[in-house]
Amino acid sequence: MLEAHSAARAILHLAAMGDTDIFPPPFEFTFYAEESEKISTRIGLIDAASYKPKSCFEALTPKSALSFRIAHQLYPADTLLYTAAVIQIAPSIEAIRLPSTEGPFSYRFIDDATNPKLFSDSSSFHDWLSYQRDTLHDPNPFSDVKYVIETDISDFYARVYFHRIEHVLDDCGASNSVRKIIEGIIKFSRARQSHGLPVGTSASRLLAEGLLNDTDRMISARSEKYTRYVDDFRIVLNHQNEVHSTLCRLAEHLMLTEGLSLNASKTKTYTSDLAHGIIDKKLSDIFNDDELVALSQYI
C-alpha cells in the first residue's frame with residue numbers, strides 16, 4: 001500500500017511547489033495541505049488495484065520559438081497519488097544512480113520529509129553549466145586538447161516506453177500498490193499512445209532519471225568525463241578518433257535498449273578549448289537563483 005509519510009511529503013511538495021512548471025496549480029492543493037494528516041492516512045487505505053484515474057488535461061506548449069510539445073496536468077487526486085507513489089520509491093531510484101560527478105547531474109532526490117523540495121538546490125541547469133566549466137578547466141597549458149560531444153534525446157519524455165518504466169520499478173523493488181498507481185496513471189494519461197510520461201511533474205522527472213541509469217553507466221565507462229542534465233549529454237574524450245565510435249555506441253544503445261533516438265540537429269562536437277566560450281555564453285543567457293527571485297518580485 002501507499003505509505004502515509006510518502007503522501008504527507010507529496011502534499012507538502014505540491015502545496016509549496018505546485019504540480020507543474022507550466023500550468024497554474026489547482027486550488028485543491030491548499031485543501032490537501034490544510035488536512036494533510038487525515039488525507040495522508042486515508043491514502044494509505046486506498047486499494048491501488050481498483051483505483052481509476054480521473055482525468056488528464058493536455059495542451060500544446062512551446063519549447064522554443066518554433067518548436068512545441070504536449071504538456072499534461074493530471075487531476076489533483078491523481079497527481080497526489082502519482083507523486084506519493086514515486087516518492088515512496090525515490091530513495092531506491094537515487095541509490096541505483098551514479099554520483100553526479102560521474103554523469104547524472106539533474107534532479108538529485110532529497111530524502112527529507114520536512115523539505116517541500118524533492119530535489120537538491122545544487123542540481124539546477126545553471127549549476128550544471130558551472131560544473132561543466134569547472135571540470136573542463138585544465139590549469140596545465142601543455143595538456144593535450146580533448147574533444148566534447150554535445151547531444152540530446154529527441155522528444156525524450158514523449159518517447160519513453162511503458163516496458164522500460166516497468167523495468168525501473170523492478171530495479172527499485174516497488175511494491176505492487178506502488179506499481180499499480182504509477183503504471184495506471186501513466187497509461188491513463190497516455191491513453192492514445194503506447195509510450196510517454198506525463199510532462200511537467202516532479203514524479204515523471206525522477207522516473208526518467210531512473211530510466212537512463214543504464215545509459216549513464218555505459219557512457220561513463222567509456223569516456224574521459226561525462227555529465228548529463230535530463231536528456232542533454234556532454235561526453236569528453238581524449239582522442240578525436242573516439243568521437244564517432246562513441247556517438248554510434250550511444251545512438252545504438254538508445255535505439256535498441258530504450259527505443260529512443262538522438263536529436264541530429266542538436267548533435268555537435270568541438271574541442272575542450274572551444275567549450276569554455278560555449279558554456280560562458282549559455283551561462284550569460286540564464287538567470288541565477290537570486291536573479292530569478294528578484295525578477296519574480298519585480299513582476
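**Figure 1. Ser6, a buried residue of helix H1.** Ser6 is buried in this predicted model, its relative accessible area being 0%. The residue belongs to helix H1, which covers residues 4-17. Which residues does Ser6 contact, once its neighbours within four places in sequence are left aside? They are Ala84, Ile87 and Gln88.

**Figure 2. Ala15, a partly exposed residue of helix H1.** Ala15 also has its place in helix H1. Is Ala15 buried or partly exposed? With a relative accessibility of 40%, Ala15 counts as partly exposed, whereas Ser6, at 0%, is buried. When residues up to four places away in sequence are not counted, Ala15 touches Phe29 and Ala33. The view may also include Glu34: 19 residues separate Ala15 and Glu34 in sequence, and their C-alpha atoms lie 9.5 Å apart in space.

**Figure 3. The largest nonpolar core.** In soluble globular proteins, nonpolar side chains tend to be buried together. Here, the largest nonpolar core contains 77 residues. Which residues have the most contacts inside this core? They are Tyr82, Ile89, Phe156, Ile182, Leu197 and Leu207. Helix H4, residues 76-96, supplies the largest share of the core, with 11 residues.

**Figure 4. Ile182 and its contacts.** Ile182 is among the residues with the most contacts inside the largest nonpolar core. Leaving aside neighbours within four places in sequence, the contacts of Ile182 are Tyr82, Ala85, Val86, Ile89, Leu169 and Leu207.

Figure 5. Ile70 has its place in strand E2, which spans residues 67-74.

Figure 6. A disulfide is a covalent bond between the sulfur atoms of two cysteines. How many disulfides does a search of the whole structure find? The search finds 0. Cys56 counts as partly exposed, at 23% relative accessibility. Cys172, by contrast, is buried, with a relative accessible area of 8%. The cut-off explains the two labels, because buried means under 20% relative accessible area.

How values were computed. Residues numbered from 1 in each chain as written. Predicted model: local features only at pLDDT ≥ 70, side-chain atom pairs only at ≥ 80, totals over all residues. Heavy atoms only, no water. Helix = DSSP H or I, 4+ residues; strand = E, 2+ residues; numbered from the N terminus. Buried < 20%, exposed > 50% of the residue type's maximum accessible area, 1.4 Å probe, protein only. Contact = heavy atoms within 4.5 Å. Disulfide = S-S within 2.5 Å. Core = buried A, V, L, I, M, F, W, Y, C linked by side-chain atoms within 4.5 Å.
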